[in-house]
Amino acid sequence: MNISTALERRRLLQWMSLTAGMASAPAWAVNAAQGVSSIRPQDSRVPGGIARLSLGPAATRPQLSYNDAPALVLGDMIEWTALIGIPLSTTPGEYTLPVEMDGQLRNKQLTVQNKKYVEQRLTVSPKTVDLSPEDNARYEREAAHLKTVMASLSQPFPIATNLQMQVPVPGRRSSSFGLRRIFNGQPRNPHSGMDIAAATGTPIRAPLPGKVIDVGDYFFNGGTVWLDHGGGLLSMYCHLSQMGCKVGDMLKTGDVFCKVGATGRVTGPHLHWGVMLNRAMVDPALFL
Ligand code: ZN
């Protein structure tokens, strides 16, 4: 295949979409032509962000790894795109990613820019910072279990090229992704999700089709549900008052599967919503 320009590629893809019986060209093709991008997730090459790496044409789905996990690769033989979740702990700089394309290794460059997330210093009673030996033992057990949940990498890959998510619950964002919290001078892990303030009992809806892969009650996270959207894209819902689902349930976008609460270590009712891509927690806002 020898397709010289992006425009020709787009035209060909539009033509293929039409002949395949689709009503219109994919959103990204139309928007790329208009110079506006409504495609999700947004490209944001910073720690906690997502890189949309264009891989070009290949007869079969290209393969690459990042963060010791296979990256999500979407598209078709005309144009493949890798969606790469960049962990918050990543050092900004240049990275070379070997990509396997039709049996050949090619190097792709990824530049991760610096991002300064907001810092919050809090002074709290030492009791709320230090865990008792019993609580610590519980936390260690739960952390080991969560590791197995987060390793989920199911097939099939998402079919849609645009992975725009529906907000799981309406409400004010009470804490943004990436916030760096320092309790009594001790840095904690940065905030790995988005907090949405809502009353206890508010229904939470699936932001994309997904499969329930974990339902549990955890020390820090309280009532928690994990969804698997395929190809290494997972989402988590914490501090729930009610989990109206069980492992193995298949959800459609908009299905109610749990309710907002204030369980676990929280000061008030809210949803902590996390999104994970190739085992990196990334900013959920990039999908909205
Ligand atoms: Zn949170």
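Trainee: What spacing do the donors of the zinc ion follow along the chain?
Mentor: The pattern is H-x3-D-x76-H. Donors here are N, O and S atoms within 2.8 Å of the metal (3.2 Å for Na, K and Ca), and water is not among the atoms, so sites may look incomplete. Keep in mind that this is a predicted model: local features need pLDDT of at least 70, side-chain atom pairs count only at pLDDT 80 or more, and totals for chains, interfaces and linings use all residues. Residues are numbered from 1 along each chain as its sequence is written, and side-chain values use heavy atoms, with hydrogens and water left out.

Trainee: Which residues coordinate the zinc ion, and at what distance?
Mentor: His191 through NE2, Asp195 through OD and His272 through ND1, at 2.0 to 2.1 Å. His191 sits in the loop between strand S11 (186-187) and strand S12 (194-197), while His272 is in strand S20 (residues 270-277), so the two tie together parts that are 81 residues apart in sequence. Helices (H or I, at least four residues) and strands (E, at least two) are DSSP runs, numbered from the N terminus.

Trainee: Is His191 buried or exposed?
Mentor: His191 counts as buried because its relative accessibility is 2%. Buried means under 20% relative accessible area, exposed over 50%, and partly exposed in between (1.4 Å probe, protein chains only). His272 is buried too, at 9%.

Trainee: What joins the side chains of His272 and His191?
Mentor: A polar contact of 3.2 Å. That term means a pair of N or O atoms within 3.5 Å; within protein, one must be able to donate a hydrogen and the other to accept it, and residues adjacent in sequence count only if both atoms are side-chain atoms. Ser175 also has a side-chain polar contact with His191, of 3.3 Å.

Trainee: Where is Ser175?
Mentor: In strand S9, and Ser175 is buried, with a relative accessible area of 12%. Leaving out residues up to four places away in sequence, Ser175 touches His191, Gly193, Met194 and Asp195. Contact means heavy atoms within 4.5 Å.

Trainee: Switching topic: which residues touch the most other members in the largest nonpolar core?
Mentor: Ile204, Leu233, Tyr237, Phe257 and Trp273, out of 33 residues. S20 gives the largest share of this core, 4 residues. A nonpolar core is a set of buried Ala, Val, Leu, Ile, Met, Phe, Trp, Tyr and Cys residues joined through side-chain atoms within 4.5 Å. Another core, of 17 residues, lies apart from it, with Tyr66 and Leu97 among them.

Trainee: And pockets? What volume does the largest pocket have?
Mentor: About 2,000 Å³. A volume is the space filled by probe spheres set on the grid points, which are joined across faces, edges and corners. On a 1 Å grid over the protein atoms alone, a pocket is an open set of points where a 1.4 Å probe fits, with protein on both sides within 12 Å along at least five of seven lines; lining residues have an atom within 4 Å of a point.

Trainee: How many residues line the largest pocket?
Mentor: There are 46, and Arg181, Asn189, Ser192, Phe220 and Asn221 lie nearest its centre. H3 gives the most to that lining, with 6 residues.

Trainee: Last one: how many helices and strands does the protein chain have?
Mentor: It has 3 helices and 21 strands.
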